Each structure stands twice: as C-alpha cells, then as structure tokens.
Amino acid sequence: MSHFNVVDYFFWLLLIIAFVMEAWALIDSLTVPEGAYEAAGKWRKKLWMIVLIVAAVVGAAYAVAPAALNASPIALLIGILPVAAFIAAAVYLADVRPAVAPYRKKNGGRGGSRSGPYGPW
C-alpha cells in the first residue's frame, strides 16, 4: 500500500462505495415480503437474493483486495466482476426497489395500519 498514490486511493474509494451500495441493496431486499416481487412483476425474491448475495461477496472481495493483496485498485475496478456486481445492485435499487415499495410492511411489520397497497381503506 505504500506505493499507492492519490489516484489509487480515489479508485479504491470507488470500490468501497460500490460495495456499500451492493450491501445496501442486499439488506433492503431482505425487508421486502416474498409476494411483493411477483405482485410488482419482477423476478422472485429467491433469485434476487442469489444475485445480490453474489454481488455483495464480489464487492467485498474487490474492496478488500487492494489492502490484502497490494493490488492496484484501478486494475481491479475495470474488471468485469466488480462492474457486473455494481450493475446488479444498481438495477435492484433503481428498478426493483421502487416497484416493490408499495408492498412493504409498514410500521416495522406490526399490525394496525389501515393502508392497503393502493392507499388507505
């Protein structure tokens, strides 16, 4: 790590930000009920969980690699795996998350809410 310059640290920061986004997508997908994906016309929850777990693992490996392996962050960032992991998380956050938002459990999953998927009833 002693041979890293400012540009290397910048690209390493990009790898870390990508991992945080992939972890956020994974954690967010855990809070969505199973039927919400099908109701919104998206892939099943299990498939999204597999995709996002793989994306988070790849993102974590690439975020740690510059320190653990003394690898160049620029060379790591332009590889196909971190880019594919980032795209998977971005698709979930930009397309799937808004589509399943109306089906989320309100009030932390507790009852008492008088609101359906299309508004109050």
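Which residues form one aromatic cluster? Trp 43, Trp 48 and Tyr 92 do. The model is predicted.

**Aromatic pairs**

The count comes to four aromatic pairs, taking ring centres within 6.5 Å. One of them joins Phe 10 and Phe 11 in an edge-to-face arrangement, at 5.4 Å centre to centre and 75 degrees between the planes. Trp 48 and Tyr 92 also pair edge-to-face, with 5.7 Å between centres and 65 degrees between the planes.

| Residue | Relative accessible area | Class |
|---|---|---|
| Phe 10 | 46% | partly exposed |
| Phe 11 | 24% | partly exposed |
| Trp 48 | 6% | buried |
| Tyr 92 | 0% | buried |
| Val 64 | 49% | partly exposed |

Why does Trp 48 count as buried? Its relative accessible area is 6%, and buried means under 20%, so Trp 48 falls in that class. Tyr 92, at 0%, is buried because the same cut-off applies.

**Surface patch**

Val 20 belongs to helix α1 (residues 6-30).

Val 64 lies in helix α3 (residues 45-68). Val 64 and Trp 12 are 52 residues apart in sequence. In space, their C-alpha atoms are 9.0 Å apart.

Technical notes: Residues numbered from 1 in each chain as written. Predicted model: local features only at pLDDT ≥ 70, side-chain atom pairs only at ≥ 80, totals over all residues. Heavy atoms only, no water. Helix = DSSP H or I, 4+ residues; strand = E, 2+ residues; numbered from the N terminus. Buried < 20%, exposed > 50% of the residue type's maximum accessible area, 1.4 Å probe, protein only. Phe/Tyr/Trp six-rings, centres within 6.5 Å; stacked < 30°, edge-to-face > 60°.
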